[in-house]
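Let's take a walk through this protein chain together. Have the sequence and the 3D view open as you read.

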Amino acid sequence: MSVACIRIFLSTQHMEMLDSGGVILRVYPVSTAARGAGERWGSLQTPRGRHIVRAKIGAGLPLYSVFSARRPTGEIWTPELDACHPERDWILTRILWLSGCEPGFNRVGDVDTMRRYIYIHGCSDFAVMGEPHSHGCIRMRNNDVLELFEAIPDYCPVEIVA
């Protein structure tokens with residue numbers, strides 16, 4: 001499977017993985033920001049527009065690996081660990097760190113997607129998909145983000161559509 005790009009639709013809370021001919025290879029449910037779309041630093045919103053995957057983090061780590069500040073903590077998420085930390089915004093399995101491609105809109109200054117630490121990442125099995133609940137990132141089921149991580153090329157284009 002040769003992936004050319006990813007499209008994320010905020011209105012329908014789904015992601016499409018496409019080939020170079022625009023054929024949809026796979027569709028995934030996602031969860032984006034509870035506060036909707038927006039590019040500003042501190043908004044807790046999901047940025048729109050053209051992006052690339054600037055960094056792929058977590059290759060070779062086990063499913064449900066826990067990350068903090070883009071580093072594996074050594075923990076493996078379980079329902080029991082989740083119950084001990086109900087306030088935690090879990091970043092699990094893999095991280096695809098996004099960087100905006102549109103200066104003044106989602107790149108540079110107080111709208112810079114990468115400096116806002118916006119990722120596509122795995123989340124708790126208890127997190128709802130298909131509804132906006134995140135703090136700005138794009139959440140996915142762990143098996144889905146693992147599949148996506150393995151399928152996409154470095155610097156894969158990502159379009160986030162309102």
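Two residues are in contact when they have heavy atoms within 4.5 Å of each other. Leaving aside its neighbours within four places in sequence, L148 is in contact with I6, M15, M17, Y28, L96, I120 and M140.

Before going further, some housekeeping. This is a predicted model, where local features need pLDDT of at least 70, side-chain atom pairs count only at pLDDT 80 or more, and totals for chains, interfaces and linings use all residues. Residues are numbered from 1 along each chain as its sequence is written, and side-chain values use heavy atoms, with hydrogens and water left out.

**The overall picture**

The chain has 2 helices and 10 strands; these are DSSP runs numbered from the N terminus, with helices being H or I of at least four residues and strands E of at least two. Reading from the N terminus, the order is β-β-β-β-β-β-α-β-β-β-α-β. The radius of gyration (taken over C-alpha atoms) is 15 Å, close to the 15 Å from the globule rule (2.2 Å times the number of residues to the power 0.38) for 162 residues, so the chain is as compact as a globular protein of that length. Its C-alpha atoms fill a box of roughly 40 × 35 × 25 Å along the principal axes.

Of the 162 residues, 47% count as buried. Buried means under 20% relative accessible area, exposed means over 50%, and partly exposed is in between (1.4 Å probe, protein chains only).

**The cores**

What is a nonpolar core? It is a set of buried Ala, Val, Leu, Ile, Met, Phe, Trp, Tyr and Cys residues joined through side-chain atoms within 4.5 Å. The largest one here has 23 residues, and those with the most contacts inside it are I8, M15, I120, I138, L148 and I152. Helix 2 gives the most to this core, with 4 residues. There's also a second, separate core of 7 residues, which includes I57, F67, W97 and C137.

**Rings and charges**

Rings of Phe, Tyr and Trp (its six-membered ring) pair if their centres lie within 6.5 Å; planes under 30 degrees apart are stacked, over 60 edge-to-face, and the rest tilted.

| Pair | Centre to centre | Angle between planes | Type |
|---|---|---|---|
| Y64 and W77 | 5.5 Å | 25 degrees | stacked |
| W97 and Y119 | 6.1 Å | 85 degrees | edge-to-face |

W97 lies in strand 7 and Y119 in strand 8 (residues 119-122), so their pair ties together parts that are 22 residues apart in sequence. W97 is buried at 14% relative accessible area, and Y119 is buried at 5%. Are Y64 and W77 buried or exposed? Both are buried, and together with F126 they form one aromatic cluster.

To qualify, NZ of Lys or CZ of Arg must be within 6 Å of the ring centre and within 35 degrees of the ring normal. The charged end of K56 does this over the ring of F149, at 5.0 Å from its centre.

**A hairpin and a buried loop residue**

Strand 5 and strand 6 pair in the antiparallel sense over 3 bridges (pairing takes at least two DSSP bridges). S68 stands opposite R71 in strand 6. Their hairpin has 2 residues between the strands, and A69 takes a positive phi near 55 degrees there.

Finally, look at T46, in the loop between strand 3 (24-29) and strand 4 (49-57). T46 counts as buried because its relative accessibility is 0%.
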